[in-house]
Amino acid sequence: INNDLSLDFGYLIDPLTSIMSMLITTVGIMVLIYSDNYMAYDQGYLRFFAYMSFFSTSMLGLVTSSNLIQIYIFWELVGTSSYLLIGFWFTRPLAANACQKAFVTNRVGDFGLLLGILGFAWITGSFAFRDLFEIFNNLIYNNEVDFPFVTLCAALLFAGAVAKSAKVPLHVWLPDAMEGPTPISALIHAATMVAAGIFLVARLLPLFIVIPYIMYFISVVGLITVLLGATLALAQKDIKRGLACSTMSQLGYMMLALGMGSYRSALFHLITHAYSKALLFLGSGSIIHSMETIVGYSPDKSQNMVLMGGLTKHVPITKISFLVGTLSLCGIPPLACFWSKDEILTESWLYSPIFAIIAWATAGLTAFYMFRIYLLTFEGHLNIHFQNYSGKQNTSLYSISLWGKKKSNKNFCLRSKNNNKSSFLFPKTKYPIDKKKRNRGQPLINIVHFDNKMPYSYPYESDNTMLFPLLVLVLFTLVVGSLGIPFNQDQPNLDILTKWLAPSINLLHQKSNESIDWYEFFKDAFFSVSIAYFGIFLASFLYKPIYSSFKNFDLINSFVKTGHKRSLWDKIINGMYDWSYNRAYIDTFYTTSFTGAIRGLAQLTHFFDRRVIDG
């Protein structure tokens, strides 16, 4: 390394930093207020808030970094704090495995990030962003760089963002990371940590934009993630895993926008999605909290949408806030995500019709799976009080029912009457409340296991401390879309967000259109809203309870012919269900090919060392 190299640690405050800082602090304070009640009876209460503060500090350090080395230090601290938070209930094997999986998967991307940083430092002799961009642009202008090497270094930098923002193929950690407490899911996996990858690409966009093929590569990875995340969310039964797959898909939209060079649209969607998804995750935490009054501490049951239903009358405020978040994510005007998603879809038509068609179709899938979550959770009757959810065994649309599988019915006779006493017929294992993990307070203390006579047979609304952040986030979801709306007709591009990002936009040499064609805007909006309403209609048709019960699917069956074609259709639906529920078998492939291969190699080395070398 050159002896003249100096490294100055400092702050870089620009529009990108200010946007990220506002997101981290506003969502962070709401999550902290929410957590005060959510974690109140957990023995790790103090440890939880220590980890949360550590994470927030790391994230704020990351977004205010002025050079690549500083970014890398805080990048690793964010990874460490997320490891601690995902594995917060480390006595649960699933949580312990999930935090290890997240940590190791992110190490793959972080190794690429480190190599990319060193590569660009070797090319330009600087780590500071402003010097780096200036020197690199001069080298490109004078044609003094080796383009294959530069492209490789840029791809390695992008690998860090791929892992942190759960892009294909390093997305496998995100659904498993839902094993942590729900406030963690809202903070880390909705607004901040997963947005760090988007932040890195946005920060380095002046670097990427002058390198051929890298921008196209970024947009392709984003598009694949958009489609895969949406398809994986279609059949999830766990409410938090469904929202996690949704997050993955929406982050794909942001990366697609950055790959197309649409810096403003990506950041606009980052803002709107952060508030909407934080609202949905905190809403799901309120739902889980209320379900635990019936099933006790058991994530397999309290987070299972199949056991929910009919919660509207029990948790009305949570229901309204969850509906607002759902409609926003579906892209229904005038809520926040409509404005940003519509902008990305419009620009994708200008970039590539194929990209646009896939992004547009995925918008319909988004509406479908989000309303599926909403309907299974809030409509109909509370399914845990049903003896047979799906009605007749021979219903021909059984595979599209809540279960997706006929065999599921065998293990879910949930409640029966014996001598006028209620008894729950889950598997024989009793589930006491583990005081080392989470104990919700007075209503839960009396529920020792499932086969006692329980004081609460219905869910109830959360406390005000948990409802206040929900209502504030509802307000954000309603108004934050106005940041990107040009209210001044004479100067249509002078909306708040464009003014805010003006220095960065000028840096990227992006030309603004002289005026907005309102006809084009309404035409594009009509198409994006129509596909969203189609997805909502389809979800309502398949998942809304008929006559508020699950007796049968005769109405749906009347539209479908029986016979050979019907059985073929069932096989296709079952195949799609399995593919989505098992997350495209990518986790299985990684487990067998990478984990299995490494373990086999380790055993072979151990055998060789013991038997051959040692004799």
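**Group meeting: a walk through a predicted helical model**

Buried here means under 20% relative accessible area, exposed means over 50%, and partly exposed lies in between, all with a 1.4 Å probe and protein chains only. Ser66 sits in the loop between helix H2 (45-63) and H3. Leaving out residues up to four places away in sequence, Ser66 touches Asp8, Gly10, Tyr11, Leu12, Ala128 and Phe129. Contact, throughout this talk, means heavy atoms within 4.5 Å.

A word on the source. This is a predicted model, in which local features need pLDDT of at least 70 and side-chain atom pairs count only at pLDDT 80 or more, while totals for chains, interfaces and linings use all residues. Residues are numbered from 1 along each chain as its sequence is written, and side-chain values use heavy atoms, with hydrogens and water left out.

Now the overall picture. The protein has 25 helices and two strands. Helices (H or I, at least four residues) and strands (E, at least two) are DSSP runs, numbered from the N terminus. Of the 615 residues of the protein, 59% count as buried. Among contacts between residues at least 6 apart in sequence, 80% join residues at least 24 apart.

Phe468 belongs to helix H19 (residues 464-479), and at 43% relative accessibility it counts as partly exposed. Along the chain, Phe468 and Tyr34 are 434 residues apart, yet their C-alpha atoms are separated by 7.8 Å. Leaving aside neighbours within four places in sequence, Phe468 is in contact with Met30 and Ile33.

I turn next to pairs of helices. How do H3 and H6 cross, left-handed or right-handed? The axes of helix H3 (residues 68-86) and H6 come within 12 Å and cross at roughly 20 degrees. Axes are lines fitted to C-alpha atoms, for helices over the stretch in contact, and angles run from 0 to 180 degrees between N-to-C directions. H3 and H6 are therefore roughly parallel to each other. Angles under 35 degrees count as roughly parallel, over 145 as roughly antiparallel, 65 to 115 as roughly perpendicular, and the rest as oblique. The answer on handedness is that the crossing of H3 and H6 is left-handed. A crossing is left-handed if the near helix is turned anticlockwise from the far one by less than a right angle, and right-handed if clockwise. From H3, the contact is made by Trp75, Val78 and Gly79, and from H6 by Gly160, Ala161 and Lys164. These residues divide into three nonpolar, two polar and one charged. In this scheme Ala, Val, Leu, Ile, Met, Phe, Trp, Tyr, Cys and Pro count as nonpolar, Asp, Glu, Lys and Arg as charged, and the others, Gly among them, as polar.

The second pair is helix H8 (residues 182-191) and helix H13 (residues 263-295), whose axes come within 9 Å and cross at roughly 165 degrees. That angle makes H8 roughly antiparallel to H13. The crossing of H8 and H13 is right-handed. On the H8 side, the residues that meet H13 include Thr182, Pro183 and His189; on the H13 side, Phe281, Leu282 and Ile288 are among those in contact. By class, the contact of H8 with H13 has nine nonpolar, six polar and one charged residues.

Some local backbone features deserve attention. Most residues other than glycine have a negative phi, and most peptide bonds are trans. Where are the exceptions in this model? A cis peptide bond joins Val168 and Pro169, with omega about 10 degrees, and Pro169 is found in the loop between helix H6 (147-164) and helix H7 (173-176). Ala166, in the loop between H6 and H7, has a positive phi of about 55 degrees although it is not a glycine. Ala166 is buried, with a relative accessible area of 0%.

Another cis peptide bond joins Pro333 and Pro334, with omega about 5 degrees. Pro334 lies in the loop between helix H15 (316-330) and helix H16 (336-351). Ala584 also has a positive phi, about 60 degrees, and is not a glycine. Its place is the loop between helix H24 (564-581) and helix H25 (586-613), and at a relative accessible area of 15% Ala584 is buried.

Finally, the cysteines. How many disulfides does the structure hold? It holds zero, a disulfide being a pair of cysteine sulfur atoms within 2.5 Å. Cys153 is buried at 3% relative accessible area, and Cys245 counts as buried at 0%.
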